[in-house]
Amino acid sequence: MSNATVKKPRLTTSAMIASIASEGQRVKAAPFGKALVELAAQRPEIVGLTADLAKYTDLHLFAQAYPERFFQMGMAEQLLMASAGGMAKEGFVPFATTYAVFGTRRAFDFVHQVIAEENLNVKMCCALPGLTTGYGPSHQATEDIALMRGVPGMTIVDPCDALDIEQAVPQIAAHDGPVYMRLLRGNVPLVLDEYDYSFELGKAKMLRDGRDVLVISSGILTMRALEVAKTLEADKVDVGVLHVPTIKPLDTETILREAGRSGRLVVVAENHTTVGGLGEAVATALLTAGVTRPSARSHCPMPSSMPVRYRRCTTATGFRPRPCRRRSRAGSVEASRRAVRRDGAARRAYPQNATRPQGARNRGSQMNNSLLLDGKIVMISGAASPRGIGLATARLAARHGARVAILDLDEAAAVEAAASIGPEHRGYGCNVVDKDACLKATAQAIAEFGRIDVLINNAGITQPVKTLDIDPASWDRILDVNLRGVLYLSQAVIPHMKQQGGGSIACMSSVSAQRGGGILGGPHYSAAKAGVLGLAKAMAREFGPDNIRVNCVTPGLIQTDISSGKLSDEQKASIAASIPLNRLGNADEVAGAYVFLASDLSSYITGAVIDVNGGMLIHG
Ligand code: NAD
């Protein structure tokens, strides 16, 4: 290897303000400048001002179209803001442009006193937000949102792409009061048109749903979040993206609704320091509403060395200029993967309202937010299926601090499923119809973990046939897996629970047992699941004195592999229409009921049945 130092090419001004678009990405040129020119044709009170940066904020298009309404203030940002305030007081709607660092840090006092305190109609559109410049720390506006959030009456917009910008311009002009918009200039990527999206001032929008992770993001980090979500599909990690283009006022209603859905890791991604930006705004909303707890939050901040490294174009944030783009992106995606796998690297908040159980220990960062089952050992049968209720329950239990033993027919699949949650979990091959296999898997789990606190009898199979078509072999198969399996695995585990002074068993039944037929299961399935209800209630009576609780869940139609491909979209829509909550259920939603029954929150509940059916069956 040669010791010769490679001389880095000196970056030119145009490289310093390089487009953030990837190679081959669809772009629109100067969306801000063009939208403003178009709007100004109908709104003669709109004027444009800049502090020597017309070309670099795309305001030059406005200057060319309306030279008499354009004011070049020179390199004097305080003057820029004060003049804009004066013009607003006279009834104009000034759009004042500069770089974000200058518009916020340098002109802060003028923005506050002249514009905000008078609630004047000035629209500050400031380019190079966060880390989108190669100029280095002097031009990196990584705290602009924090500064502007503190300004009374200030509306803050952080657009993602060209569509966001061109739709935001008329809306911020129509808004009565000061607005700070982070500006993307030049060739701006066009992304959101693929997501049936439109900008609405003050509204957050779900761009894609996902059951494992919810990324709440603003600005260009929404673009990155969408890329990460697509990449993680290959790893079967289902990532939802909630775009929050208006940071103040915050759309807390949408954020609380989406972040409050159980079982999802919530990650906030923003092109800003962790102090005072979107992350803190979201955290405050979640904490205030009791959706999460202070200990459930962690940061992945910009390293303090970031600005200096960034000046050399070597950051690992995923949004640096083109020369380093490929490594940057890979780093960003890999970081997200790690965050999802380790549940620990990114800023996060798990939805939960639970109080910390007395004596619960904090077992490192993984456990900070995982308290309902902290330290418990949970064994789950039929939990290797990637989209199944069992694995969703295993994931949720792990997030709540449990170590999990996954049992399934295929040992390799069970081991892989356990490893996908984390190294402290284990997978075992076990056919629940085989008594010896149940005893063996239980012994292996006891040897590994020392105890079993919770047993979840989840394994099951179905068959959509009519009564007259049930042959003896099908009857045996369906009854064996769904009912005999519950007996055998409970028989294997209960002696240990008795010995250790108690435990919780949750068994999988079905709405099919209650209604005399579900959607997909035949009468033998209904009979087996009804048998589970009887067996579980009898075990609840028998083992209550041993402090062993036994309960059941009765889901309606849940979207898992058991039903996959068996119903057309039309059939699903018509079933959903007959359900009060107007939709089919998700595996995570059954997992929530299981985890509740496993936890001490249900300590006085035994012999009970929890419906998880969206109202498909409501008892009298
Ligand atoms: P799924 O097919 O994804 O999961 C079932 C799991 O059980 C699979 O991993 C499978 O390998 C395992 N399994 C099958 N036979 C087994 C055996 N003999 N020993 C050990 N493991 C075995 O389907 P799901 O929807 O997640 O089903 C989980 C449970 O929920 C089942 O008992 C099912 O009857 C019940 N349920 C499902 C729905 C629904 O709509 N999905 C509704 C009500 C009840």
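**View 1. Helix α14 and the residue that follows.** G401 follows helix α14 and has a positive phi, near 95 degrees. Helices here are DSSP runs of H or I with at least four residues, strands are E runs of at least two, and both are numbered from the N terminus. This is a predicted model, in which local features need pLDDT of at least 70, side-chain atom pairs count only at pLDDT 80 or more, and totals for chains, interfaces and linings use all residues. Residues are numbered from 1 along each chain as its sequence is written, and side-chain values use heavy atoms, with hydrogens and water left out. Buried means under 20% relative accessible area, exposed means over 50%, and partly exposed lies in between (1.4 Å probe, protein chains only). Among the buried residues of α14 are I389, T393, R395 and R399.

View 2. In one, the ligand oxygen is 2.5 Å from an N or O atom in the side chain of T560. In another, a ligand oxygen is 2.8 Å from a polar backbone atom of I558. For K529, an N or O atom of the side chain is 2.9 Å from an oxygen atom of the ligand. Taken alone, the ligand exposes 820 Å², and the protein buries 90% of that. Such areas come from the Shrake-Rupley method with a 1.4 Å probe; for residues, only the protein chains shown count as cover.

**View 3. Strand β4 and its partners.** Strand β4 has 7 residues, and 7 of the 7 are buried, so β4 is largely enclosed by the rest of the structure. Two strands pair if DSSP finds at least two bridges between them. Strand β2 (residues 46-50) runs parallel to β4, joined by 5 bridges. There, V47 stands opposite P94 of β4. Strand β5 (residues 123-127) also runs parallel to β4, again with 5 bridges. Y99 has A127 in β5 as its bridge partner.

**View 4. Aromatic pairs.** The model holds 3 aromatic pairs. Rings of Phe, Tyr and Trp (its six-membered ring) pair if their centres lie within 6.5 Å; planes under 30 degrees apart count as stacked, over 60 as edge-to-face and the rest as tilted. F32 and F95 form a tilted pair, 6.3 Å centre to centre with 40 degrees between the planes. This pair links distant parts of the chain: F32 lies in helix α2 (residues 31-42), F95 in strand β4 (residues 93-99), 63 residues apart. F32 and F95 are buried. F62 and Y66 form another tilted pair, 5.2 Å centre to centre with 50 degrees between the planes. F62 and Y66 are buried too.

**View 5. Charges over rings.** The charged end of R69 sits over the ring of Y66, 4.5 Å from the ring centre. This label requires NZ of Lys or CZ of Arg within 6 Å of the ring centre and within 35 degrees of the ring normal. K205 places its charged end over the ring of Y197, 5.7 Å from the centre.

**View 6. V486 in helix α17.** V486 belongs to helix α17 (residues 472-500). V486 is buried, with a relative accessible area of 2%. I456 is 30 residues from V486 along the chain, and their C-alpha atoms are separated by 9.1 Å.

Key
A polar contact is a pair of N or O atoms within 3.5 Å; within protein, one must be able to donate a hydrogen and the other to accept it, and residues adjacent in sequence count only if both atoms are side-chain atoms.
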